[in-house]
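Here's a friendly tour of one protein model for someone new to reading structures. Have the 3D view open and follow along.

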Amino acid sequence: MAIGFRPTTEGRFEAGFDDQERALLSHLARDLQEFLGPETAGTDPDPFAIGILESAAISDDPALARLFPDAYELDEDAADDFRRYTETELRDAKAAHLAVLVSTVEQGGPRTTLTADEARSWVIALNDLRLVIGTRLHLDDEEDEEPDIEPEYVEQLTAIYQWLTWLQESLVGAQLGDDQ
């Protein structure tokens, strides 16, 4: 059973995970890395336009749209241009934060200890995982829409969402010096 994050005397943050929890975190992060990956394939071949997408409308996938929302709600052209120039870099940054989570949780054993930079990456990665899962569960919808997943997995995914939320809260609290 996970032990929430606590600050250490060396300015680091430590938590405890069993084998299943470490495997789950690694699996979720790797899945999200894969989910983020394919969209970068449409980059402009111009060597001076590295990372600029040829076109970049908001994704039809609600989870990707949640991770990469429109910067300009009232101006579709400006939103598309902003996305063209920033989305590749944002995807790469999200993937890098997820990679930090994967490497630290896989190397951590029963105790995972994070530096301040690793903790920042974890907070971002956990937030992105929660956004995707929350979107699939329709937690942000005002209407009572059915989740985008098979009914038999809703309870499990809800429990994972709640666990990730608790884990993120414990890490943010440790970073802020809150007593847990």
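Contact, a word you'll meet a lot here, means heavy atoms within 4.5 Å. Helices (H or I, at least four residues) and strands (E, at least two) are DSSP runs, numbered from the N terminus. What you're looking at is a predicted model, where local features need pLDDT of at least 70 and side-chain atom pairs count only at pLDDT 80 or more, while totals for chains, interfaces and linings use all residues. Residues are numbered from 1 along each chain as its sequence is written, and side-chain values use heavy atoms, with hydrogens and water left out.

**The overall layout**

- The protein chain has five helices and three strands.
- Reading from the N terminus, the elements run β-β-α-α-α-β-α-α.
- Of the 180 residues in the protein chain, 39% count as buried; buried means under 20% relative accessible area, exposed means over 50%, and partly exposed is in between (1.4 Å probe, protein chains only).
- Take the contacts in the protein chain with a separation of 6 or more: residues 24 or more positions apart account for 66% of them.

**Helix H4 itself**

- H4 covers residues 116–136.
- It has 21 residues and reaches 31 Å from its first C-alpha to its last, close to the 30 Å expected at 1.5 Å a residue; the expected span is 1.5 Å times one less than the number of residues.
- H4 is largely enclosed by the rest of the structure, because 15 of its 21 residues are buried.

**H4 against H3**

- Helix H3 (residues 76–108) packs against H4 at an angle of about 110 degrees, and their axes are 8 Å apart. Axes here are lines fitted to C-alpha atoms, for helices over the stretch in contact, and angles run from 0 to 180 degrees between N-to-C directions.
- H3 and H4 are therefore roughly perpendicular to each other. As for the labels, angles under 35 degrees count as roughly parallel, over 145 as roughly antiparallel, 65 to 115 as roughly perpendicular and the rest as oblique.
- The H3 side of the contact includes Lys 94, His 97, Leu 98 and Leu 101, and the H4 side includes Arg 120, Trp 122, Ala 125 and Leu 129.
- The residues of this contact of H3 with H4 split into nine nonpolar, three polar and four charged. Ala, Val, Leu, Ile, Met, Phe, Trp, Tyr, Cys and Pro count as nonpolar, Asp, Glu, Lys and Arg as charged, and the others, Gly among them, as polar.
- Leaving aside neighbours within four places in sequence, Ala 125 is in contact with His 97, Leu 98 and Leu 101.
- Ala 125 and Leu 101 are 24 residues apart in sequence, and 7.1 Å apart in space, C-alpha to C-alpha.

- H4 and helix H5 (residues 151–176) pack at an angle of about 155 degrees, with axes 10 Å apart.
- That makes H4 and H5 roughly antiparallel to each other.
- The contact of H4 with H5 involves residues including Trp 122, Leu 126 and Ile 133 of H4, and Leu 157, Tyr 161 and Leu 164 of H5.
- By type, the residues of the contact of H4 with H5 are 13 nonpolar, five polar and two charged.
- The axes of helix H1 (residues 19–36) and H4 come within 11 Å and cross at roughly 75 degrees.
- H1 and H4 are therefore roughly perpendicular to each other.
- Leu 25, Leu 28, Ala 29, Leu 32 and Phe 35 of H1 meet Trp 122, Leu 126, Asp 128, Leu 129, Val 132 and Arg 136 of H4.
- The contact of H1 with H4 counts nine nonpolar, no polar and two charged residues.

- His 138 sits in the loop between H4 and H5, and its phi is near 60 degrees, a positive value in a residue other than glycine.
- At 12% relative accessibility, His 138 counts as buried.
- Ala 15 lies in strand E2 (residues 13–16) and counts as buried at 0% relative accessibility.
- Not counting residues up to four places away in sequence, Ala 15 touches Ile 3, Gly 4, Phe 5, Pro 110, Arg 111 and Thr 112.
- Arg 83 is in helix H3 and is buried, with a relative accessible area of 5%.
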